[in-house]
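I'll jot down what I look up as I go.

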Amino acid sequence: MDRLATLALARGARRLLAKAGQDIVRLDAGRTPLGDADAERYLLHEDGFLRVPVLIMGDLVVRGYTEELYREALTFASHA
Amino acid sequence: MPLTLERPRAGRVTPGRTALLVAAWLVVQIAVASAQPSFRVTHEVDRSTPDRTRVTGSVQNDGRVDVHDVYVTVEAVDGAGKVVARGIAFVSPHIRQGGRAPFEAVVPAGGAPTFRVRVTGYRVGLGASESP
């Protein structure tokens with residue numbers, strides 16, 4: 001998926017969990033949808049494509065997959 | 001009395017020209033349709049790990065063109081038909097015509113009775129990403 005398809009995918013999301021190296025980035029935009037800049041920064045690979053698994057649960061977008069990340073995603077999603 | 005033949009003027013629509021245009025349009029449509037990628041997706045659902053349903057399967061390229069950067073979307077659907085979670089997985093950078101590539105997606109929605117899988121992204125040649 002290229003940039004436009006990825007931005008369309010993230011449109012409407014308000015929260016984001018992204019695996020970034022050893023860390024997890026957590027964004028919570030409250031009532032405001034995440035901006036295109038956030039979607040580009042955290043979802044797109046440097047070649048401009050979406051390369052890692054992405055999970056969408058309601059208004060939560062999760063980038064990457066690890067057991068720890070998905071455990072947190074389930075907790076995060078249940079606090080919507 | 002001299003015999004004169006009337007030539008069709010340029011731009012004038014005649015039954016012959018119309019038939020020719022229709023035939024050309026049909027040929028173009030058939031060519032475009034035959035070049036459209038066609039996918040067959042099979043999948044299995046593994047619910048053995050609570051809350052982390054694993055969906056594995058393969059994408060078969062039944063079209064007449066090679067495709068690039070293929071993605072699938074796995075949708076977990078609840079009993080009311082509502083999509084409760086979606087997982088997007090990158091399948092392969094290249095699937096040649098007649099070829100097949102495996103995929104795997106983990107979707108934490110073990111309670112969902114149904115999982116749907118479809119190809120949601122691909123590229124033909126050097127073109128932009130497309131969605132079926």
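How many bridges join strand E3 (residues 67-77) of chain B to E6(B)? I count nine, and the two strands run antiparallel.

Ground rules first. What I have is a predicted model, in which local features need pLDDT of at least 70 and side-chain atom pairs count only at pLDDT 80 or more, while totals for chains, interfaces and linings use all residues. Residues are numbered from 1 along each chain as its sequence is written, and chains are lettered from A and ligands numbered from 1 in the order in which they are written. Helices (H or I, at least four residues) and strands (E, at least two) are DSSP runs, numbered from the N terminus. Two strands pair if DSSP finds at least two bridges between them.

**Entry 1**

Where do the chains join up? E3(A) pairs with strand E4 (residues 83-95) of chain B over three bridges, in the antiparallel sense. I found A:Ile56 opposite B:Arg86 in E4(B). On its own chain, A:Ile56 has A:Val61 in E4(A) as bridge partner.

**Entry 2: around E4(A)**

E3(A) and E4(A) run antiparallel and are joined by four bridges. They make a hairpin with two residues between them, and A:Gly58 in the turn has a positive phi of about 60°. E1(A) and E4(A) are also joined by four bridges, but run parallel; here A:Leu16 stands opposite A:Val61.

I also checked which way the side chains go. In a regular strand the side chains alternate between the two faces of the sheet. On E4(A), A:Leu60 and A:Val62 point one way and A:Val61 and A:Arg63 the other, and all are buried. Buried here is 20 or more other C-beta atoms within 10 Å of the residue's own (exposed is 12 or fewer, partly exposed is in between, and C-beta atoms are placed from the backbone).

**Entry 3: chain A's side of the contact**

The contact between the chains takes 16 residues from chain A and 18 residues from chain B. I'm using contact for C-beta atoms, placed from the backbone, that lie within 7 Å. E3(A) gives the most to chain A's side, with four residues. That side has 14 nonpolar, no polar and two charged residues. Ala, Val, Leu, Ile, Met, Phe, Trp, Tyr, Cys and Pro count as nonpolar, Asp, Glu, Lys and Arg as charged, and the others, Gly among them, as polar.

**Entry 4: two helices in chain A**

Helix H1 (residues 3-10) and helix H2 (residues 36-43) of chain A pack at about 115°, with axes 10 Å apart. That makes H1(A) roughly perpendicular to H2(A), a label for angles of 65 to 115 degrees (under 35 is roughly parallel, over 145 roughly antiparallel, the rest oblique). A:Arg3, A:Thr6, A:Leu7 and A:Ala10 meet A:Asp36, A:Ala39, A:Glu40 and A:Leu43.

**Entry 5: chain B and one proline**

Chain B has one helix and six strands, in the pattern α-β-β-β-β-β-β. Of its 132 residues, 29% are buried.

Is B:Pro37 buried or exposed? B:Pro37 counts as buried, with 20 C-beta neighbours inside 10 Å. I placed B:Pro37 in the loop between helix H1 (15-35) and strand E1 (39-46) of chain B. Beyond its neighbours within four places in sequence, B:Pro37 touches residues including B:Val67 and B:Val124. Those two are bridge partners between E3(B) and E6(B), which takes me back to my opening question.

Methods
Axes are lines fitted to C-alpha atoms, for helices over the stretch in contact, and angles run from 0 to 180 degrees between N-to-C directions. Two residues are in contact if their C-beta atoms, placed from the backbone, lie within 7 Å.
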